[in-house]
Amino acid sequence: MRRKWYILLISSLFLAAVIGYLVKFRGTGDEPKVVVVLQEMDSQYWNIVKAGAEKGFQEFDINGKVVAPGNTSKKDVLEYTLKRVLNERPDVVVVSPDGSPAVMSILKKFVENKIPVLLVDTDIPLEHKTAYIGTDNYELGRKAGELLASQLQPGDEVALPFLAEDLTYPVFRERIKGATFGLENAGIKVVTEQVNASNESSTTREVMTAILQKHPDIKGVYVTTDTKAMDALEVIKEQGLNMPVVGADGLIEMIELIENGTLTGTVAQNPYDMGYISIETALKVIKGEDVKKNIDTGVDVISKDNAKLKLDFLRALLK
């Protein structure tokens, strides 16, 4: 009888060890569930945010996924994606909103269903949101303005081209306000030009061309994104001109222009940190810990001195 109990004990211990192994490497299904909803995943910027979030899933043992609308041209497509996520009942949703009334409405339903909402990259006036994780865009614009002003003389004119729609989008509106303050505070005169159009790339080229025609004495340019900055730079080169251009976001192509000496500097967000910190914050919320309402992921000033370091980091993420 004692031998039988001994064999049973050994068998039980072995079974417990096997179950423990399976729990460790396959999960119990009880991991916190977090869904990250981005505006799209067809661009370098959003893929860097995604990489940060996925690193957070891994390090914090989160059952998580990153999703985005498949057709960004469809009206209110982000709303439909969020509706699907709401039906999944995640513990926390992390979302980069577009500021539309439809998206605001569906996010309110998350709050009503007691699903914490963390906003990443883009802040909107959503009542009872848990936190915003991202850039202080006014501060980014101010630093960009100061960086551009540092390469000029008081009294110089700079161009600030933008789309009319930018003023309705909080991220760009704050960047424009911050840059205008930073430039004018340094004694730089700001000339602006805005147009209404749907094609961002061609529009940036058109507005930059118009500015050069109307204001031939400008000595520099600030635009709200790196993509627009590179379009503006192409127009400047086509006109046979040479002047500093400052954008934002910290895309690889923009930083390469700094490394090779075409540009002297730009400002960059930290999209990887946005993704990672949003998951770290989501876990704190799930555990019932207090979190800050506004979590600033900072702004980097990129110059020749640190361009290679930034490039190596970004290339490793996206390879």
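This is a predicted model: local features need pLDDT of at least 70, side-chain atom pairs count only at pLDDT 80 or more; totals for chains, interfaces and linings use all residues.

Mentor: Strand E1 (residues 33-37) and E3 pair in the parallel sense over four bridges.

Trainee: What makes E3 and strand E4 (residues 117-120) a pair of strands?

Mentor: Two strands pair if there are at least two bridges between them. E3 and E4 have three bridges, in the parallel sense, and therefore they meet the definition. The bridge partner of valine 93 in E4 is valine 117. Together with helix H4 (residues 101-112), E3 and E4 make a right-handed β-α-β unit.

Trainee: Which way do the valines of E3 point?

Mentor: Val92 and Val94 point one way from E3 (residues 92-95), while Val93 and Val95 point the other way; all are buried.

Trainee: Why is the pair of phenylalanine 60 and tyrosine 276 called tilted?

Mentor: The structure holds four aromatic pairs. In this one, the ring centres are 5.5 Å apart and the planes stand at 45°. Phenylalanine 60 lies in the loop between helix H2 (44-59) and strand E2 (63-67), and tyrosine 276 lies in helix H10 (residues 271-286), so the pair ties together parts that are 216 residues apart in sequence. Both phenylalanine 60 and tyrosine 276 are buried.

Trainee: What makes the pair of tyrosine 169 and phenylalanine 172 edge-to-face?

Mentor: The planes of tyrosine 169 and phenylalanine 172 are 65° apart, and the distance is 5.1 Å centre to centre. An angle over 60 degrees counts as edge-to-face, so the term applies to this pair. Tyrosine 169 and phenylalanine 172 are both buried. Lysine 228 lies over the face of phenylalanine 172, at 4.6 Å from the ring centre.

Trainee: How do you know that lysine 55 forms a salt bridge with glutamate 59?

Mentor: The closest N and O atoms of lysine 55 and glutamate 59 are 3.6 Å apart. The cut-off is within 4 Å, so the pair counts as a salt bridge. Lysine 55 and glutamate 59 both lie in helix H2, four residues apart, about one turn of the helix. The structure holds 16 salt bridges.

Trainee: Why is glutamate 157 called buried?

Mentor: Glutamate 157 has a relative accessible area of 17%. Buried means under 20%, and therefore glutamate 157 is buried. Glutamate 157 forms a salt bridge with lysine 189, the closest N and O atoms being 3.4 Å apart. This pair links distant parts of the chain, with glutamate 157 in strand E6 (residues 157-163) and lysine 189 in strand E7 (residues 189-195), 32 residues apart. Lysine 189, at 47%, is partly exposed, because exposed means over 50%.

Conventions
Residues are numbered from 1 along each chain as its sequence is written. Side-chain values use heavy atoms; hydrogens and water are left out. Rings of Phe, Tyr and Trp (its six-membered ring) pair if their centres lie within 6.5 Å; planes under 30 degrees apart count as stacked, over 60 as edge-to-face and the rest as tilted. Helices (H or I, at least four residues) and strands (E, at least two) are DSSP runs, numbered from the N terminus. Buried means under 20% relative accessible area, exposed over 50%, partly exposed in between (1.4 Å probe, protein chains only). A charge sits over a ring if NZ of Lys or CZ of Arg is within 6 Å of the ring centre and within 35 degrees of the ring normal. A crossover is right-handed if, with the strands pointing away from the viewer, the path from the first strand over the helix to the second runs clockwise. A salt bridge is a side-chain nitrogen of Lys or Arg within 4 Å of a carboxyl oxygen of Asp or Glu.
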